2 protein chains.
Amino acid sequence: MSPYDKMILISNQLRNIERSLSLLAWDERTYMPEGALPGRSEMNAGLAKIHHNILTSREMKKCLDKLNKPSIYEDLDDLRKASVKEITRRFEKKNNIPDEIVEKIAKAASQGQAAWTKARARSDFAMFIPYLEKNLELKKKAAEYMGYKNEPYDALLDEYEPELTAKGVKKVFDPMKKGLSDLVDEISSRGSSKYDKYNINKTFNTDTQKELCRRMARDIGFDFHSGRLDESVHPFTVGMDFDVRITNRYNEKDLSSLYSLLHESGHGMYEQGICKDLLGTPIGKSASMGYHESQSRMWENFVGRNRNFMDYLYPLVVEYFPSMEKVGIDDFYRSVNCVEPSYIRVEADEITYNLHIALRFDIELGLMRDEITPAETETVWQDNMEEYLGLIPEDPALGVLQDIHWSSGAFGYFPSYALGNLYAAQIFNTIVDEIPSLFDHLSKGEFTPLLNWLRDNIHSNGRRYLPEEMTKRLTGKSLDFKYFHQYVKEKYGDIYDL
Amino acid sequence: MSPYDKMILISNQLRNIERSLSLLAWDERTYMPEGALPGRSEMNAGLAKIHHNILTSREMKKCLDKLNKPSIYEDLDDLRKASVKEITRRFEKKNNIPDEIVEKIAKAASQGQAAWTKARARSDFAMFIPYLEKNLELKKKAAEYMGYKNEPYDALLDEYEPELTAKGVKKVFDPMKKGLSDLVDEISSRGSSKYDKYNINKTFNTDTQKELCRRMARDIGFDFHSGRLDESVHPFTVGMDFDVRITNRYNEKDLSSLYSLLHESGHGMYEQGICKDLLGTPIGKSASMGYHESQSRMWENFVGRNRNFMDYLYPLVVEYFPSMEKVGIDDFYRSVNCVEPSYIRVEADEITYNLHIALRFDIELGLMRDEITPAETETVWQDNMEEYLGLIPEDPALGVLQDIHWSSGAFGYFPSYALGNLYAAQIFNTIVDEIPSLFDHLSKGEFTPLLNWLRDNIHSNGRRYLPEEMTKRLTGKSLDFKYFHQYVKEKYGDIYDL
């Protein structure tokens, strides 16, 4: 067997474990009985350990040593080269981490999440600090083992956004902070800015919402033959190649479920669009977390909150909720595009959302650089919230304790969310050029032209190209805040009459 | 680390994979989208391979070599000895099977099941023959690698019923065939024998059935904090230690769901009763498949079809289905105890059920002994059905194609079903002695005394004792058909006025 075929065989085994872990994660958040939790953590840790052992096995090392010899590597075609690069990248990152640290990290993550759940429920930041310290300390160690370009934070960021550095993030985030803060100020200064979000004074039967969401998922192109839609406390997506599952939540007080449905469907369709030939190979997955988020945001915001999309969506909403006829299409459009500074990231609008992310990035970079301590994060959070959004969260549950990420040591994850929005804006700008009739299609509820473009240009490629190269291929340029800036200025300038 | 602790660590890893495979199996039959099937087979095969590799690893071999040295083994306490014996038994059975055969068996099972599904749908036995041949041939090879006491069939039987042999099965099945056939003849000769099974002329809302089933599961002691009840085409149970899931099916034409619920709850409560300290160790599982079946049959038949249980069940049925009041408790009792020869095993009554099993055992033993060929099984089936039950299935879907087992090479599994009934009868006979007020409790819907007895004497022990030893400990005797014989003679003698 050739070293390439052997490497693919091992990659398939890794993928089988990843798929199993995904099913465990899905089950844990949908149907798992409560008493199963302790056993489940053990299963997760057990499979993760097997995964680590196979990835860093002697067999794998032997394959990669051979495959990376110029004489062999140069004879591979481009797709195979991409696979070898990706698996080598993963191997090298993980190979030097001692088993003992891997286990400590898993344990600290598990304990940190449990502590966070309690701390958030009690809004007690002090009790969470030791867990934050422990997770941070271990991730700093891991960063040293993994290696980095400029600074330890880069090693962690690279897990989610391959090859991006803190410096690279700052390059787009700095103008973003300025540009969006200014825009928020402008909007806030308009007296007429408040629209009733999702017409909150009505109630919406949740079973009817579920039917409507299922209908929309089908309409935009989510494939139920190889997928499911379930319910969970926090919506999420798991991709297991031939089996992609999205979840949603329903609140009878508003129609936010329509937008979380569009968001998760965007993630789901990305997973469903990866070229079948790549599945099981090292590049049979999304380009990055940021790219994943670009697809969810594309459908949620660039499509779902677009004025033309209302021609499709509003009549559908009226069909399922006849009382919505009184609202009228224009007010409905405004109600789903209401901009207002708020405490909670996951409830934020298109503009303020990225400021929530910038705030988290500043803090986690400060932690990794030892410029701030875990104990100081609450104060820094409050200061930055005031600076960026004019709000001071007195209650840590509305501030520093609102997100789960740091409790499991997932430092470096947050930037993906904002990067997703920026990628989406830049890519959408290209799509509008390449599909001149795009907005007509959205009005008519014709989503195939857009989905096909995304499949052909993004989804099908899997991780063939890393984000930087992908963005250049798609748009001719590196990632730049200006596309997002222009998009929100135009859209909200119109809505808020700026 | 001591070799024992090291062995337990590896066993825990094996158990993590087994739990994951169980979740995959549960998901496949409850919620998995159709398009996921090909990827799912790969996941199953991938995890099974990892399991085999860990079980037969050099590390495991080193541990077992040390642990089986008399100087070390004799110093272990009884529980640890039982664990070492069980894992050594598993290791030795699997260690000699070449990887290549393991893979061929997995592939043939997967292809066989797919072919069986089609063949059964078309009732076309001829198209299934090559797959039956292939599976049989591979299992004969595997039996040689695994080793056996007297004959190849023993190696396969041992997978389900440790240490039992074909000879041992015949010793109880031969009198069973005679005793039950005679009884069926006697019952059939009574003109008044036909009772309307489950009062089939009514219809029963399936949502109401579901509620009633959930209520009954709770009442008898199934723990929903660490368990679930879902729906599937064929009811089944998976045990993942802290997480035990049963399923059921509902037919609006009858109340058979109540009995499949009792059956699966019996399996589920066995899994939930294994002592927590044993979980993850080699003996943290049921004593055997036959013992598992003894628990499901205990609740389904010895409890669920008992006259005293009707004092609990019938008012409950009337509560959920008020029109059942007209039936009256005595007719209801007779309707759930209707004896009548029929083609399909899973629909058979308490008495004819074991004859269905005896028929299958004769055939699979004949196949393994080369006394009959796969092509001949259809004819042998028809002949035996006529001899045992006076019926000849013209349609293979009602005969040789009705069960999935052989399509995946699971020869040696069928005896467990009948053994379960016989174990249950023998154990129930002891319980009636040890809990004199048992039938009073059943009348009153008090199930804790029985469940506690089962927990203390069976469930909690896991696989500490293999079936032969367990039966002697519980009842003072080896397994004997006479207990079951006496039970059915008394019960049905009364019902059918023999």
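This is a predicted model: local features need pLDDT of at least 70, side-chain atom pairs count only at pLDDT 80 or more; totals for chains, interfaces and linings use all residues.
**Entry 1: chain A as a whole**

I began with the secondary structure of chain A and found 21 helices and three strands. I then looked up the radius of gyration of chain A, which is 23 Å. The globule rule also gives 23 Å for 498 residues, so chain A is as compact as a globular protein of that length.

**Entry 2: the domains of chain A**

I looked up the domain assignment next. It gives domain 1 as residues 3-155 and domain 2 as residues 156-498 of chain A. The C-alpha centres of these two domains lie 26 Å apart.

How many residues of domain 1 are in contact with domain 2 in chain A? I noted 46 residues of domain 1, which meet 42 residues of domain 2. On the domain 1 side, the elements that give two or more residues are α1 (3-30), α5 (78-95), α6 (99-122), α7 (125-146) and α8 (152-160) of chain A. Of these, α7(A) gives the most, with 12 residues. I sorted the domain 1 side by class and wrote down 24 nonpolar, 10 polar and 12 charged residues.

**Entry 3: one pair of helices**

I picked helix α17 (residues 415-434) and helix α21 (residues 481-495) of chain A. Their axes come within 8 Å and cross at roughly 80°. Angles of 65 to 115 degrees count as roughly perpendicular, so that is the word I wrote for α17(A) against α21(A).

Which residues make this contact? From α17(A) I listed A:Asn421, A:Leu422, A:Ala425, A:Gln426 and A:Asn429. From α21(A) I listed A:Phe481, A:Tyr483, A:Phe484 and A:Tyr487. By class, the contact of α17(A) with α21(A) has six nonpolar residues, three polar and no charged.

**Entry 4: where chain B touches chain A**

I turned to the two chains together. 29 residues of chain B are in contact with 29 residues of chain A. On the chain B side, the elements that give two or more residues are α1 (3-30), α2 (37-55) and β1 (227-231) of chain B. I classed the residues on that side as 13 nonpolar, nine polar and seven charged.

**Entry 5: how the copies are related**

Two copies of a chain are related by a rotation about an axis and a shift along it.

Methods: Residues are numbered from 1 along each chain as its sequence is written. Chains are lettered from A and ligands numbered from 1 in the order in which they are written. Axes are lines fitted to C-alpha atoms, for helices over the stretch in contact, and angles run from 0 to 180 degrees between N-to-C directions. Helices (H or I, at least four residues) and strands (E, at least two) are DSSP runs, numbered from the N terminus. Angles under 35 degrees count as roughly parallel, over 145 as roughly antiparallel, 65 to 115 as roughly perpendicular and the rest as oblique. Two residues are in contact if their C-beta atoms, placed from the backbone, lie within 7 Å. Ala, Val, Leu, Ile, Met, Phe, Trp, Tyr, Cys and Pro count as nonpolar, Asp, Glu, Lys and Arg as charged, and the others, Gly among them, as polar. Domain bounds come from an automatic or database domain assignment. The radius of gyration is taken over C-alpha atoms; the globule rule is 2.2 Å times the number of residues to the power 0.38.
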